[in-house]
Amino acid sequence: MIEKVGAVVITYNPYIKGLETLLGILINQFSEILIVDNGSININDIKKVSINEKVLIRPLESNLGIAAALNEGMDYFRIKGYEWVATFDQDSELFDDFVLRFQELSKENVGIIGSYYVDRNWSEKDAERQILTYSDYEETTYVITSGAFVNVRAWNMVGGFDNQLFIDWVDWDINERLVLLGMTVYRTKDLMMRHQVGEPINVPEYKKQILFLNNRLVRDHSPFRQYYIFRNRIIFLTRYRGVNKVQATIKSLIAFREIFILPKGGSKFKAAWKGMLAGLKYDIKSDIYYQKFLKQISD
């Protein structure tokens, strides 16, 4: 059994009531909780709901991105000698006995153990249908950071989360590197939480059919997020799927079909376009961070 398990919560202008609920759950289950705040304007409110001997706040001067904030939190627990740390978004809500269930899971040569989630915006029918697809054990590189238990030694071995990605694709990127290093990444329905990915929007079925979206849930993200979604998709595909510039462009243009049905789509289209162009400039051979990792696994 792991004697101490830490928790890192990344905040950025959080909904205080939701954060307070999350902290109440974490305090009862984790040895220590570190909040890494990315320059929130409501930092004083965060401090008010974080008054507990188990909770420490590390405020950053500005928004350095989720990757940098996660690395800050992970390094804190590394220095304190923790072996495993769970990472959370500010709006996640755990199901019962989260840490106790983690203690019972296989950890041999494991880099990350992830959770399944029930999105707050799903209907009861959608949630029931989705839960039926969840597995006791699924090896996958699509584990999200929120609700994930991270092996501190493994995190350190792969060079941590990639700060240059800033926000989107940060989780899938580190999963891929862990697997390339020979470690296992998996998720299990023994670990469940409530979570929210973007803002879902209702799209008429005929529009989905025209755009070949069919049963896909369409989620809205800000222009800021759209930039990183489109930029980092190309970086990810270049690193781990071996796509060339032409293939990356085609995949990106296909992804644009969702932008056309989002509210205030003009600004989001512009941001996504800029992100795609920035991604197409990515040169894997000039990426010092990733080349250092490749050298590590080849030695």
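## The nonpolar cores

In this predicted model, the largest nonpolar core has 51 residues, and Ile112, Phe161 and Leu178 have the most contacts inside it. A nonpolar core here is a set of buried Ala, Val, Leu, Ile, Met, Phe, Trp, Tyr and Cys residues joined through side-chain atoms within 4.5 Å; buried means under 20% relative accessible area, with a 1.4 Å probe and protein chains only. Apart from this core lies another, of 39 residues, among them Ala86, Tyr116, Tyr134 and Met193.

Let's look at Ile112. Leaving aside neighbours within four places in sequence, Ile112 is in contact (heavy atoms within 4.5 Å) with residues including Val143, Phe149, Leu178 and Tyr186.

## The cavity

The structure holds one cavity of 30 Å³ or more. A cavity is a set of points, on a 1 Å grid over the protein atoms alone, where a 1.4 Å probe fits but cannot get out; its lining residues have an atom within 4 Å of a point. Ile112 and Phe161 belong to the lining of the largest cavity, as do Thr87, Thr145 and Asp171, among others.

The lining divides into six nonpolar residues, three polar and one charged. Strand β8 (148-151) and helix α7 (170-180) each supply at least two of the lining residues. Helices (H or I, at least four residues) and strands (E, at least two) are DSSP runs, numbered from the N terminus.

## Thr87, a residue of the lining

Thr87 lies in strand β4, residues 84-89. Thr87 counts as buried because its relative accessibility is 1%. The side chain of Thr87 reaches the backbone oxygen of Thr145 at 2.5 Å.

Beyond neighbours within four places in sequence, Thr87 is in contact with Val8, Leu70, Met74, Thr145, Ser146, Gly147, Ala148 and Val150.

## Ser92, in a loop

Follow the chain to Ser92, whose place is in the loop between β4 and β5 (93-94). Ser92 counts as buried because its relative accessibility is 2%.

The side chain of Ser92 makes polar contacts with those of Ser146, at 2.5 Å, and His195, at 3.0 Å. A polar contact is a pair of N or O atoms within 3.5 Å; within protein, one must be able to donate a hydrogen and the other to accept it, and residues adjacent in sequence count only if both atoms are side-chain atoms. Not counting residues up to four places away in sequence, Ser92 also touches Leu22, Arg120, Met193 and Arg194.

## How to read the values

In this predicted model, local features need pLDDT of at least 70 and side-chain atom pairs count only at pLDDT 80 or more, while totals for chains, interfaces and linings use all residues. Residues are numbered from 1 along each chain as its sequence is written, and side-chain values use heavy atoms, leaving out hydrogens and water.

Definitions and conventions: Buried means under 20% relative accessible area, exposed over 50%, partly exposed in between (1.4 Å probe, protein chains only). On a 1 Å grid over the protein atoms alone, a cavity is a set of points where a 1.4 Å probe fits but cannot get out, and a pocket is an open set with protein on both sides within 12 Å along at least five of seven lines; lining residues have an atom within 4 Å of a point. Grid points are joined across faces, edges and corners, and a volume is the space filled by probe spheres set on the points. Ala, Val, Leu, Ile, Met, Phe, Trp, Tyr, Cys and Pro count as nonpolar, Asp, Glu, Lys and Arg as charged, and the others, Gly among them, as polar.
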